[in-house]
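Keep the viewer open as you read.

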Amino acid sequence: MKDLMRQRVGVQENIMSLLNKQIKMEAQASATYLAMAAWCEQNSFDNSAAFFYAQSNEERDHMLKIFHYVSEVGGVAVSPEISAPKSEYGSLREVFETTLEHEIAVTESIHQIVGACRKANDYAAENFLQWFVKEQVEEELTVKRILDYFEMLGEEPMALLMIDERVAKVSANGAY
Amino acid sequence: MHLVHNTNNAKIWQSDIENCFYFDFKGQQYKLNVCGFIALKTKLINIDIEEMIISDELGADIAIVPLCNDERLLVLTIDEILELRELFPGAMVMLELNSILHSRVYSSTL
Ligand SMILES: [Fe+2]
Ligand SMILES: [Fe+2]
């Protein structure tokens, strides 16, 4: 009997389903960051709003990257169902703290999939995911940097304005 | 044609000539390509059986599953879904076993 599965599908089923879950996670992050951008704009944190619009786009790009990979190796990529993101926040700091929590969850998830790829001897998928491993280091660093400003400057109105100014620089230069 | 897996009322075959699967169920035969096979298996797993049992809406006790790019439909009762949920993953295991056999026996260079 031919190995039809292997001939048509270059990815094992469990890896494919993990990648589809990651597609959903990236899409959910994109929606969450869009809601955060709206919140920032409503509260006149214009640079933070711009930061989250850009993040939202990035997350969608991440989603598409995985989507294309799954399709290219002959798998079935699933356009995910997204639940309504949280749109109410108590403070700008809470917005960024939530962002860091999200990014950490994504990092963990990516690492778990890399682990599963190793177990399944799927070197192609592991190699594909290396880009995400690196990306997550940068993403976490950027948000941690911004949260440091809250530690340093506090949350008085003037401080918040300064932090918002800083966010523009962080997003323009990366974390450095 | 190779029989991949069967349950009481259903069978999955693989055709090496046509590079596809055949799915026999309730006197009907459905042709599935590899993608269609995986898609159907996923759809079966995603059916919310609990919801079907709890709901008292008319028609909630059946599920309609589109097949072959919507050209055909499967109308399934809860019993049938449970049977197919045994058939498809079982077939998948056999296909994975076949993949292992291929990589160990035919493709191995060690
Ligand atoms: Fe991402
Ligand atoms: Fe991210």
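Where does Ser44(A) lie in chain A? Ser44(A) sits in the loop between α2 (13-42) and α3 (46-72), where helices (H or I, at least four residues) and strands (E, at least two) are DSSP runs numbered from the N terminus. Its phi is near 65°, a positive value in a residue other than glycine. Asn121(A), in the loop between α4 (92-119) and α5 (123-153), also isn't a glycine and has a positive phi of about 55°.

A quick word on ground rules. This is a predicted model, so local features need pLDDT of at least 70 and side-chain atom pairs count only at pLDDT 80 or more, while totals for chains, interfaces and linings use all residues. Residues are numbered from 1 along each chain as its sequence is written, chains are lettered from A and ligands numbered from 1 in the order in which they are written, and side-chain values use heavy atoms, with hydrogens and water left out.

Donors here are N, O and S atoms within 2.8 Å of the metal (3.2 Å for Na, K and Ca), and since water is not among the atoms, sites may look incomplete.

| Metal | Protein donors | Distance | Spacing along the chain |
|---|---|---|---|
| iron ion (ligand 1) | Glu26(A) (OE), Glu59(A) (OE), His62(A) (ND1) | 2.1 to 2.2 Å | E-x32-E-x2-H |
| iron ion (ligand 2) | Glu59(A) (OE), Glu103(A) (OE), Glu103(A) (OE), Glu139(A) (OE) | 1.8 to 2.5 Å | E-x43-E-x35-E |

The iron ion (ligand 1) and the iron ion (ligand 2) are 3.4 Å apart, with Glu59(A) coordinating both.

Why does the arrangement around the iron ion (ligand 2) count as irregular? The 4 donor atoms subtend angles of 53 to 146°, which makes it irregular. For four donors, tetrahedral would need all angles between 85 and 135 degrees; four count as square planar and six as octahedral if opposite donors are over 155 degrees apart and all others between 65 and 115, and anything else is irregular. Glu59(A) in helix α3 and Glu103(A) in helix α4 are 44 residues apart in sequence, so this pair ties those parts together. Glu59(A) is buried at a relative accessible area of 1%, and Glu103(A) is buried too, at 2%.

Helix α3 also holds Ser48(A), a buried residue with a relative accessible area of 0%. Leaving aside neighbours within four places in sequence, Ser48(A) is in contact (heavy atoms within 4.5 Å) with Cys40(A), Leu92(A), Phe96(A), Asp164(A) and Val167(A).

Zooming out, chain A has 6 helices and 0 strands. Its C-alpha trace spans about 70 × 30 × 20 Å along the principal axes. Of its 176 residues, 46% count as buried. Residues 24 or more positions apart make up 77% of the contacts with a separation of 6 or more.

How values were computed
Buried < 20%, exposed > 50% of the residue type's maximum accessible area, 1.4 Å probe, protein only.
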